[in-house]
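User: I'd like to learn how to read the packing in a fold like this one. Could we go through it feature by feature?

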Amino acid sequence: DVSCAESAAGGVRPMRTIAILYLTVVVVLLASCGTAGTTVVSRQRLDSDAAGKLAFERIVVTSSVRQLTQADLDQLRDAVLARVPQPVDGGVPVTIQLAVTDYGTGGSKMIVSVRVIDAARKLYAEFSVHQTANTLMGTIDQRSSVINAVADAVARSLMAIPAAPPATMDA
């Protein structure tokens, strides 16, 4: 009778340990996923009347950060160009000036200042994109992920629409 109780208790203990281990893994994964984010700090928002009427003819990318190569800057330029909307009937020709001002080791963060100007130097929008990412549980190519996230935020801001709502998960 006692040996049955001990046997039953011994069988329950490893199951409890495994359940705690799984719970710990789930908490760590959720915490690591939740530490990436994008913040757009606007100094001058793009007027909603101008959205859709600007022809983004040039994108100029500069950097004061040594960790980024010319290939990285070209990737940022191409990613923004692929995402910004172009008007069907011409539009006001403008230049997007991107200046990478900070980049964290391993792609943990990137800060890009953005200005949209026309040939007469009229300013249409000015903002900065602050992208952070968790490199502990990072993706295979963290640098590209951060560049693409910045490009997404730039394009959203130039369409004068709010950021996408946070992702939801069905239980």
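Analyst: Happy to! Let's begin where two helices meet: Asp72, Gln75, Leu76, Ala79, Val80 and Arg83 of α2 are in contact with Arg143, Ser144, Ile147, Asn148, Val150, Ala151, Asp152, Val154 and Ala155 of α3. By type, the residues of this contact are 8 nonpolar, 3 polar and 4 charged. Keep in mind that this is a predicted model.

User: At what angle do α2 and α3 pack, and how far apart are their axes?

Analyst: In general, a packed helix pair is described by the angle between the axes and the distance between them. Here α2 and α3 pack at about 40 degrees, and their axes are 9 Å apart. Their crossing is right-handed.

User: Now the sheet. What is the strand order?

Analyst: The general idea is that strands of a sheet pair through backbone hydrogen bonds, parallel or antiparallel. In this model, 5 strands form an open sheet in the order β1-β5-β4-β3-β2, and the pairing is mixed. At the edges are β1 (37–44) and β2 (54–63), each of which pairs on one side only. From one strand to the next, the twist averages 20 degrees.

User: In which sense does β1 pair with β5, and over how many bridges?

Analyst: β1 and β5 (residues 123–132) are antiparallel, with 7 bridges. To find your place in that pairing, look for Val41, which stands opposite Ser128 in β5. On the sheet packs helix α3 (residues 142–158), which touches β1, β2, β3, β4 and β5 and makes an angle of about 150 degrees with the direction of β5.

User: Which strands does α2 lie across?

Analyst: Helix α2 (residues 70–83) lies across β2, β3 (92–103) and β4 (109–118), and runs at about 160 degrees to β2.

User: How many bridges join β4 and β5?

Analyst: β4 and β5 pair in the antiparallel sense over 9 bridges.

User: Which residues does Ile111 touch beyond its neighbours up to four places away in sequence?

Analyst: Ile111 is in strand β4. With those neighbours set aside, Ile111 touches Ala99, Val100, Thr101, Asp102, Val129 and His130. As for Thr132, it is 21 residues from Ile111 in sequence, and the C-alpha atoms of the two are 8.7 Å apart.

User: Which residues line the largest cavity?

Analyst: The lining consists of Leu46, Ala50, Ala51, Gly52, Lys53, Leu54, Phe56, Pro85 and Leu158. Sorted by type, the lining has 7 nonpolar residues, 1 polar and 1 charged.

Note on methods. Residues are numbered from 1 along each chain as its sequence is written. This is a predicted model: local features need pLDDT of at least 70, side-chain atom pairs count only at pLDDT 80 or more; totals for chains, interfaces and linings use all residues. Side-chain values use heavy atoms; hydrogens and water are left out. Two strands pair if DSSP finds at least two bridges between them. Helices (H or I, at least four residues) and strands (E, at least two) are DSSP runs, numbered from the N terminus. Axes are lines fitted to C-alpha atoms, for helices over the stretch in contact, and angles run from 0 to 180 degrees between N-to-C directions. Contact means heavy atoms within 4.5 Å. On a 1 Å grid over the protein atoms alone, a cavity is a set of points where a 1.4 Å probe fits but cannot get out, and a pocket is an open set with protein on both sides within 12 Å along at least five of seven lines; lining residues have an atom within 4 Å of a point. Ala, Val, Leu, Ile, Met, Phe, Trp, Tyr, Cys and Pro count as nonpolar, Asp, Glu, Lys and Arg as charged, and the others, Gly among them, as polar. A crossing is left-handed if the near helix is turned anticlockwise from the far one by less than a right angle, and right-handed if clockwise.
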